[in-house]
Amino acid sequence: MKTSYQGMRVCVTGGAGFIGSHLVDALVDVGASVTVLDDLSTGSLSNLAGVQDRVRFVRGSILDEESRRRALDEAAVVFHLAAYVSAPGSVKEPMACHRVNTEGTLAMLESCVAAGVRRVVFASSAAVYGDSEVTPKRESEPILPCSVYAQSKAAGEHLLRVWNHVHGLETFSLRFFNVFGPRQLASSAYAAAIAAFASALLEGRPVTIFGDGGQTRDFVPVANVVQCLMRAGVRRGASGSEVFNVGMGRAQAIRDVAAIMAGILGRRFDPVWASPRPGDVRHSCADVGAARRSLGYEPQVSLEEGLRETLAWYQSTRAAAAA
Ligand SMILES: NC(=O)c1ccc[n+]([C@@H]2O[C@H](COP(=O)([O-])OP(=O)(O)OC[C@H]3O[C@@H](n4cnc5c(N)ncnc54)[C@H](O)[C@@H]3O)[C@@H](O)[C@H]2O)c1
């Protein structure tokens, strides 16, 4: 991929966030000329500390035309990750989510065409499958959103399809499953499971598990997601508007993941069991065959390696904050 990205101008929306900043690191590493567009609503400049002298940063919203114009300056490929990211939050604030995710994606696509962008790679979500119990999930499954967040990601995919059809923009939607890794926020009320487990374990609090913990998720280390994004950015030949699942292709019970994490830290696994959360799906696992065949995606980082790296990062962040 190094030669394909060398000198290429790319724009990453949401590039100061958890996944976006790892993507920016990788793009800088292969010689791309990167502009980040981010309003820092949930992201942070500290996530870009390692590359701050080598990226152009535009602080602004994807909803602001001038910010989009400045950020897209001669970009060939846009990775569109900026979003209102919480599904439970979107139930309480539907309009806020709709504006950023649906109107924001539409505005990005309009600006991309005006700026002569060739390809857009969009961060979609496994949430689009809703509460379907089919497992593993293939891209051909029906879309059954159960939150405004999920609906907005489905709308984003459809908008990409329209812009491909009408304007010939090359588009890829990647449906991320449960991504985890360094820089993921553990502080929010809607923190993802692994971030919440890490913070509880490191603070010496018991891990809270909803239900019996036998519910399964496809937890994917962020490095694997970055690999898939990078592959989509330069895949030769685009046939229509393509959609791919991004996960490990393996279902992991939540309680097992928490137990592995406790084991890595040498702690006793002694969780608090809470009532099941209404609306939680029992099983969610990706079929990643299409991404393998079409993008050459191959998860390189195992679940356990990812958990070790993630815990080490939370530990070092806590140590730095305490110093
Ligand atoms: N983390 C996961 O497990 C997961 C799963 C499925 C999909 N996704 C998608 O991946 C993408 C990245 O998610 P993340 O987990 O890194 O979250 P994140 O909150 O760390 O990143 C989102 C980034 O977008 C920025 N942003 C938000 N609204 C903006 C706006 N109006 N204009 C400009 N920037 C804005 C935020 O400041 C932040 O830097 C999102 O689109 C999310 O929906 C994430």
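Student: Which residues come nearest to the ligand?
Tutor: Keep in mind that this is a predicted model. Gly14, Gly17, Gly43, Ala82 and Ala83 come nearest, out of 29 residues around the ligand.

Student: What classes of residue make up that shell around the ligand?
Tutor: The shell has 16 nonpolar residues, 11 polar ones and 2 charged ones.

Student: Let's zoom out. How many helices and strands are in the chain?
Tutor: The chain holds 11 helices and 13 strands.

Student: What does the radius of gyration say about the chain?
Tutor: It agrees with a compact globule, because 323 residues would give a radius of gyration near 20 Å and the chain has 19 Å. Along its principal axes, the C-alpha trace spans about 55 × 45 × 40 Å.

Student: How much of the chain is buried?
Tutor: Buried residues make up 46% of the 323.

Student: Now the core. Which residues touch the most other members of the largest nonpolar core?
Tutor: Leu174, Val225, Leu229 and Val246 do, in a core of 93 residues. Helix α6 (residues 148–167) gives the largest share of this core, 8 residues.

Student: Pick Leu174. What does it touch beyond four places in sequence?
Tutor: Val121, Ala123, Ser124, Cys228, Leu229, Ala232, Phe244 and Val246.

Student: Ser124 is on that list. Where is Ser124?
Tutor: Ser124 is in strand β5, residues 119–125. Ser124 and Leu174 are 50 residues apart along the chain, but their C-alpha atoms are separated by 5.3 Å.

Student: Is Ser124 buried or exposed?
Tutor: Ser124 counts as buried, because it has 25 C-beta neighbours inside 10 Å. Leaving aside neighbours within four places, Ser124 is in contact with Lys153, Gly156, Glu157, Ser173, Leu174 and Arg175.

Student: What is the phi of Glu74?
Tutor: It is near 60 degrees, a positive value in a residue other than glycine. Most residues other than glycine have a negative phi. Glu74 sits in the loop between α3 (65–72) and β4 (77–80). Glu74 counts as exposed, because it has 11 C-beta neighbours inside 10 Å.

Student: And what is the phi of Arg183?
Tutor: Arg183 has a positive phi too, near 80 degrees. Arg183 lies in the loop between β7 and α7 (193–202).

Student: Why is Arg183 called buried?
Tutor: Because 21 other C-beta atoms lie within 10 Å of Arg183, and the cut-off for buried is 20 or more.

Student: Last one. Where is Val30?
Tutor: Val30 is in the loop between α2 and β2. Val30 has 15 C-beta neighbours inside 10 Å, so it counts as partly exposed.

Notes
Residues are numbered from 1 along each chain as its sequence is written. This is a predicted model: local features need pLDDT of at least 70, side-chain atom pairs count only at pLDDT 80 or more; totals for chains, interfaces and linings use all residues. A nonpolar core is a set of buried Ala, Val, Leu, Ile, Met, Phe, Trp, Tyr and Cys residues joined through C-beta atoms within 7 Å. A residue is buried if 20 or more other C-beta atoms lie within 10 Å of its own, exposed if 12 or fewer, and partly exposed in between; C-beta atoms are placed from the backbone. Helices (H or I, at least four residues) and strands (E, at least two) are DSSP runs, numbered from the N terminus. Two residues are in contact if their C-beta atoms, placed from the backbone, lie within 7 Å. A residue is near a molecule or strand if its C-beta atom, placed from the backbone, lies within 6 Å of it. Ala, Val, Leu, Ile, Met, Phe, Trp, Tyr, Cys and Pro count as nonpolar, Asp, Glu, Lys and Arg as charged, and the others, Gly among them, as polar. The radius of gyration is taken over C-alpha atoms; the globule rule is 2.2 Å times the number of residues to the power 0.38.
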